[in-house]
Amino acid sequence: MLLRLFRDVYLQFSSKEYFQEAFGYVCVDADEVPGTLGIDIEAQMLRKLRKPNLWPIQEKCLGYSEDDLFDVIEFLFDCISKPLDGYYHSFGSCGWHYQSFDKETGRQEYRAEVNELLGDYNEGYELSADGEILAQAEKGLENLIQADIPVYNPDNVENRVKAAVLKFRRYRSSIEDRRHAVRDLADVLEYLRPKLKVVMTKNDEGDLFNIANNFGIRHHNNSQKTDYDKAIWYNWMFYYYLATIHAALRLIERHEQSKTPH
């Protein structure tokens with residue numbers, strides 16, 4: 001059903017010439033007019049996706065695997081653009097030929113349509129503003145994923161947290177990828193640890209690192225506890241550390257503001 005619905009969405013945008021900038025068009029006078037991808041779109045898909053037999057999309061898509069479909073959805077995000085200025089070539093009912101396009105608006109409209117489909121598929125996915133398919137956040141934790149990290153130190157905190165969240169949510173993320181994402185969040189807390197020592201009790205501050213240090217996240221030795229359902233517990237650890245980072249930064253910010261003379 002997802003493949004059928006995707007095909008319908010693809011044909012909808014194609015009929016409105018949202019892929020004309022990238023794919024070009026056929027003219028009764030000029031024959032094939034290439035777009036930005038050139039004359040051989042199938043070859044370009046092979047080059048970018050490393051997969052054959054995906055083109056033409058409207059003919060092949062009903063036989064796509066899940067992985068094929070998600071790859072093509074991301075590929076089309078890169079290609080789509082809303083047509084703006086052009087002219088209608090009336091000879092032989094040739095159709096519209098456009099000269100200018102709005103890529104950002106085209107992507108926004110495409111995302112809105114595709115995300116209606118992906119949100120209902122399996123556990124739920126979404127196409128991000130950057131064109132990557134991500135697993136949706138756990139129910140009730142959407143605000144935590146979407147919330148901005150308090151500004152503190154972009155290189156060592158905010159950017160690392162964003163990268164860890166992306167690593168964890170990518171639809172191709174493996175169990176090992178998710179472990180690394182949890183470890184990366186724990187490393188951010190380690191960076192904040194000197195500040196946390198001031199705003200938390202010693203026991204509370206130490207407990208923050210117990211999970212990462214003793215459950216096979218950051219170290220590898222015989223004392224590690226690894227006999228647990230990793231798919232479930234990595235998920236819990238991820239949200240636990242993400243929420244803790246938000247709380248920690250706010251505690252640090254409040255403490256530093258209290259020391260600032262008014």
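1. Contact here means heavy atoms within 4.5 Å. By that test, and leaving aside neighbours within four places in sequence, Ile 175 is in contact with Lys 230, Ala 231 and Tyr 234. Ile 175 sits in helix α9 (residues 175–199). Helices (H or I, at least four residues) and strands (E, at least two) are DSSP runs, numbered from the N terminus. From Ile 175 to Tyr 234 is 59 residues in sequence, but 8.2 Å in space, C-alpha to C-alpha. Ile 175 counts as partly exposed, because its relative accessible area is 38%. The cut-offs are under 20% for buried, over 50% for exposed, and partly exposed in between (1.4 Å probe, protein chains only).

2. A word on the model. It is predicted: local features need pLDDT of at least 70, side-chain atom pairs count only at pLDDT 80 or more, and totals for chains, interfaces and linings use all residues. Residues are numbered from 1 along each chain as its sequence is written, and side-chain values use heavy atoms, with hydrogens and water left out.

3. Overall make-up. The chain has twelve helices and eight strands. Of its 262 residues, 39% count as buried. Take the contacts between residues at least 6 apart in sequence: 59% of them join residues at least 24 apart. The accessible surface is about 15,000 Å², and 48% of it belongs to carbon and sulfur atoms. Areas come from the Shrake-Rupley method with a 1.4 Å probe; for residues, only the protein chains shown count as cover.

4. The largest nonpolar core. A nonpolar core is a set of buried Ala, Val, Leu, Ile, Met, Phe, Trp, Tyr and Cys residues joined through side-chain atoms within 4.5 Å. The largest one holds 37 residues. Phe 6, Phe 23, Ile 57, Ile 73, Leu 76 and Tyr 110 touch the most other members. Elements giving two or more residues are α1 (2–15), α2 (20–23), α3 (41–49), α5 (66–79), α6 (103–118), β7 (125–127) and β8 (133–135). The most comes from α5, with eight residues.

5. Phe 6 up close. Neighbours within four places in sequence aside, Phe 6 is in contact with Ile 57, Cys 61, Leu 69, Val 72, Ile 73, Leu 76, Tyr 110 and Leu 117. There is also a second, separate core of 27 residues; Phe 168, Val 182, Leu 185 and Ile 245 are among them.

6. A nonpolar surface patch. In soluble globular proteins, nonpolar side chains tend to be buried together. Ile 232, Trp 233 and Trp 236, however, form a nonpolar patch on the surface, with about 340 Å² of accessible area together. Patches take residues with over 30% relative accessible area and no salt bridge; like charges are joined within 9 Å, nonpolar side chains (Val, Leu, Ile, Met, Phe, Trp, Tyr) within 5 Å. A salt bridge is a side-chain nitrogen of Lys or Arg within 4 Å of a carboxyl oxygen of Asp or Glu. Trp 236 belongs to helix α12 (residues 230–259). At 41% relative accessible area, Trp 236 is partly exposed.

7. Backbone points to check by eye. Trp 55 and Pro 56 are joined by a cis peptide bond, with omega about 0°. Pro 56 lies in the loop between α3 and α4 (57–60). Glu 17, in the loop between α1 and α2, has a positive phi near 65° although it is not glycine. Glu 17 is partly exposed, at 25% relative accessibility. Asn 122, in the loop between α6 and β7, is another non-glycine with positive phi, about 50°. Asn 122 counts as exposed, because its relative accessible area is 55%.
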